[in-house]
Amino acid sequence: MKKGLLAGFIILALGIFGVWWLEGGKTASAPSASAAPKDKLEVAVSGYVPYTLAKQIGGDRVRLHMLVPPGAEPHSFEPTPGSIISVSEADLFIYISPRVEPWTRDILQGLSGVNALEAGPSFPEQDPHIWMTPYGALEMAKRIANALTRADPGGKRYYKENLKQFEEEIKELHAAFRDGFSDCQSRDVVHVGHLAFGNLAQTYGLRLQSLTGTSHQSEHSVHKLAQLVRYIRKHGVPAVFTEETLSPDLAATVARETKVRVLPLYTVEEVSKKDFDAGITYGEYMRRNLHNLREGLKCRP
Ligand SMILES: [Zn+2]
């Protein structure tokens, strides 16, 4: 009798444990769920690039707090009191660089003792969007993996394994980009957006024309827009590319003038609410970019 009762308790306990375990597994995929276990590493991230990389490497062991909300522009973002609280309460704060996100300077100057990782380029480059090439993103992911391991040594093997998987994806992405433009009608990427695809164009042998400089704040002029229209006509460019947060009517104007098709490119630093909710990954964004570039440049398989 006593034994049976004990067995019953054990079964009940196992059952409860099982439910808890299942729920833990479920909530782990939703970083903001409040029911998630409390022992997760709390990581504040500036925007979507560190968000998606930290999610891929940190997986179930991290809970992410993204400062720039979906749909917002990452370069000229202004931190709210909430952003500052998120950073001050986090175990780790990951951002790209003050050149890409000037507003991170204000946050870090105002707080002391923050465990912060600058995951972006540490040397001045013409185009600081280094994640726009697969190997540039891998470099950032490695820094993120190191910082997560320092903050949570118990997860060392887990982070290492996730990084290894990400590296495999990066190799495939790079090969797809490398081989993707071997037979195209055009190599001219006319981008009605800010200079975010400079590294990608340089790495894969494309010619890039951008409307503005490396941030959204840089001036775009009617003069520059007219220049793009002339360029498209002169070189018989088959498409014009847009970016999500920069006024789509600018691209529409160029397309109307030149009668070419319009296709979007994704900077990853900007994420729509829809893509954010769907949990789009870095690799998925880059495959969309490759697909649209190949469509727009009329590349053959
Ligand atoms: Zn940018």
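This is a predicted model: local features need pLDDT of at least 70, side-chain atom pairs count only at pLDDT 80 or more; totals for chains, interfaces and linings use all residues.
Residues are numbered from 1 along each chain as its sequence is written, and side-chain values use heavy atoms, with hydrogens and water left out.

His129 and His194 link distant parts of the chain, 65 residues apart. His129 sits in the loop between E4 and helix H5 (134-151). His194 sits in the loop between strand E5 (188-192) and helix H7 (198-203). Helices (H or I, at least four residues) and strands (E, at least two) are DSSP runs, numbered from the N terminus. Buried means under 20% relative accessible area, exposed over 50%, partly exposed in between (1.4 Å probe, protein chains only). His129 is buried, at 0%. His194 is also buried, at 0%.

Next, the sheet. Four strands form an open sheet in the order E2-E1-E3-E4, with parallel pairing. Strands pair if DSSP finds at least two bridges between them. The edges are E2 (62-66) and E4 (116-118), each pairing on one side only. From one strand to the next, the twist averages 25°. Angles run from 0 to 180 degrees between N-to-C directions, and axes are lines fitted to C-alpha atoms, for helices over the stretch in contact. Three bridges join E1 (residues 41-45) to E3 (residues 92-95). Within this pairing, Ala44 stands opposite Phe93 in E3. Helix H2 (residues 48-58) packs on the sheet and touches E1, E2 and E3; contact means heavy atoms within 4.5 Å. The direction of H2 makes about 175° with that of E2.

Now follow H5. Its buried residues include Leu138, Met140, Ile144 and Leu148. The axes of H5 and helix H6 (residues 156-180) come within 10 Å and cross at roughly 180°. The two helices are therefore roughly antiparallel: angles under 35 degrees count as roughly parallel, over 145 as roughly antiparallel, 65 to 115 as roughly perpendicular and the rest as oblique. Among the contact residues are Leu138, Ala141 and Leu148 of H5, and Tyr159, Phe166 and Ile170 of H6.
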